[in-house]
Every structure is written in C-alpha cells, then in structure tokens.
Amino acid sequence: MADKDLKRRSGASQTEAGQNKRGSQSQPGRLDLIDAINQVFAEFELAYHNQYLKAFADPERLILTKKYWLECLSEFQPRQLVTAARRLVKTQPYLPTISAMVAACEEGGELFGLPSPRDAYLEACRAPAPKAANAWSHPAVYHAGKATDWFVMASEPEHKVYPLFEHNYRQLCERVMRGESIEEPVTPALQRSLGTPLSDEQKAERLDALRRKLQV
C-alpha cells in the first residue's frame, strides 16, 4: 500500500498533510504520513525545479527516496513535515537533505508559534494572577500550567514540577502540530465594587469606634 501511494508523482499530490484523497481507513496514521511526504516532495519540485528534475530523473529513484524519507521522518507529525518543508524552501537555495529536514522538524514548536518547553515553563512561573488574563505567547503554555496546577508550580521546587509541566506541554504541542486548535484562556470578569467607598469622616468614626472597643 505504501509503495503504491508513494508512486504518485510529487507534482500531482497537492493534498494537505493529514488528508488522504482516497479516504482509505486501513492505516489512517500511516496514510497521513505518506500524504505528507508526497506534499513535501511537491514543495521541493516547485521550489527547486531544475535541481529536482536532475536528482529524480529516474521515477524509481524518486520512489526509493520517498520510502527512505518516510522511514527516517516517521517520528514527526504530518503537519510538522509540511511546515518544515515550507520553511526550508524559503531559506535554502539547494534541494534539502534529510538531515536538514530533521533539523527543521526538531524546531517543531517554533514553526507553530510555540516556545520551547523551558521558555514555556519560565513564562508560566512568572505570569501574574489572574493567570487567564496574562498575555500568553501561546494558549498551550497557559493550559500546560493549569494542567500542572498553579499552586504546585508556585510551591514545589523546579526539579519536581518541571518534568510534569514539560510532559503536559509536549502533549499540547503535539495536538497543535496535528492541527488541533487550543482554546484561548477565558479572562475572568472583573468583580463589581461592593458598596460605596467610605468618606474620610466615616473612616475616622470607624477608627475611633475600633479604638474605644480595644480599650475596653
């Protein structure tokens, strides 16, 4: 099945990662990745046309190359692959190698506007209350802090809290890279003022009454 899907010419495969034009349900995760690889090579063909045709003049060589890339890049999310490829064609004048693709994918979070786990942790720790009202770099940072528990983050030492935060944050990052939307935190409504502020005279009267009470 993989060989057959990979035989589609790159230029003929403009399907976005995560979609399968034929809608097969046999191996949905695998087929999503195959579509992503085809999309990556479509990007390369458009951006490096002459280099691409020279490198893959033999259709069988193209199939073998796609299979090899599929195996080497299987740890990444389909959208991550397509986004990394788009970054590479904008920054590299030559047809990218697998190592360049891996390096671009490992930047993963940056490609989707996500800070590194360490930066996210520091941002969550430094955010003032109410947390939901903070200007977060990405909603995933807020939700990772919330899942970790704000009180725990404020009261426990970093060596205990950070691994838990990192776990929660990476799970959220994977969801973002799969194309899911992370909800923005809901800012709490401002509490209404209770009663009318006391005048200076009323404050003085209450202070005198408190003093008399304490002298009894």
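Student: What makes the crossing of helix 9 and helix 11 right-handed?

Tutor: In this predicted model, the crossing of helix 9 and helix 11 is right-handed because the near helix is turned clockwise from the far one by less than a right angle.

Student: Which residues of helix 9 and helix 11 meet?

Tutor: From helix 9 come A140, V141, H143, A144, G145, A147 and T148. Helix 11 brings V161, L164, F165, N168, Y169 and L172. Nine of the contact residues are nonpolar, four are polar and none is charged.

Student: Let's turn to helix 5 and helix 6. Why is helix 5 called roughly perpendicular to helix 6?

Tutor: Their axes cross at roughly 110 degrees and come within 9 Å. Angles of 65 to 115 degrees count as roughly perpendicular, so helix 5 is roughly perpendicular to helix 6. This crossing is right-handed.

Student: Which residues make the contact of helix 5 with helix 6?

Tutor: On helix 5 they are Q80, L81, A84, A85 and L88, and on helix 6 (residues 98-106) they are A100, M101, A104 and C105. The contact divides into eight nonpolar residues, one polar and no charged.

Student: K90 is in helix 5 too. How do you know whether K90 is buried or exposed?

Tutor: K90 has 67% relative accessibility. Exposed means over 50%, so K90 counts as exposed. In space, the C-alpha of K90 is 8.6 Å from that of A47, although 43 residues separate them in sequence.

Student: And E43: why is E43 called buried or exposed?

Tutor: E43 has 11% relative accessibility. The limit for buried is under 20%, so E43 counts as buried. This glutamate sits in helix 2 (residues 28-47). Beyond its neighbours within four places in sequence, E43 is in contact with R86 and V89.

Student: What makes D149 partly exposed?

Tutor: Its relative accessibility is 34%. That value falls between the 20% and 50% limits, so D149 counts as partly exposed. You will find D149 in the loop between helix 9 and helix 10 (150-155).

Student: What is the backbone of D149 like?

Tutor: D149 has a positive phi of about 95 degrees, although it is not a glycine. Most residues other than glycine have a negative phi.

Student: Where is the cis peptide bond, and what is its omega?

Tutor: The bond from A129 to P130 is cis, with omega near -5 degrees. P130 belongs to the loop between helix 8 (117-126) and helix 9. Most peptide bonds are trans.

Student: Q77 is in the loop between helix 4 (59-72) and helix 5. What does Q77 touch?

Tutor: Not counting residues up to four places away in sequence, Q77 touches M177 and R178. Contact means heavy atoms within 4.5 Å. The C-alpha atoms of Q77 and R178 are 6.3 Å apart, while the two residues are 101 apart in sequence.

Student: How many helices and strands does the protein chain have?

Tutor: There are 12 helices and zero strands. Buried residues make up 38% of the 216 residues. For contacts between residues at least 6 apart in sequence, 70% join residues at least 24 apart. The chain exposes about 13500 Å², and carbon and sulfur atoms supply 52% of that area.

Terms used. Residues are numbered from 1 along each chain as its sequence is written. This is a predicted model: local features need pLDDT of at least 70, side-chain atom pairs count only at pLDDT 80 or more; totals for chains, interfaces and linings use all residues. Side-chain values use heavy atoms; hydrogens and water are left out. Helices (H or I, at least four residues) and strands (E, at least two) are DSSP runs, numbered from the N terminus. Buried means under 20% relative accessible area, exposed over 50%, partly exposed in between (1.4 Å probe, protein chains only). Axes are lines fitted to C-alpha atoms, for helices over the stretch in contact, and angles run from 0 to 180 degrees between N-to-C directions. Angles under 35 degrees count as roughly parallel, over 145 as roughly antiparallel, 65 to 115 as roughly perpendicular and the rest as oblique. Ala, Val, Leu, Ile, Met, Phe, Trp, Tyr, Cys and Pro count as nonpolar, Asp, Glu, Lys and Arg as charged, and the others, Gly among them, as polar. Accessible areas come from the Shrake-Rupley method with a 1.4 Å probe; for residues, only the protein chains shown count as cover.
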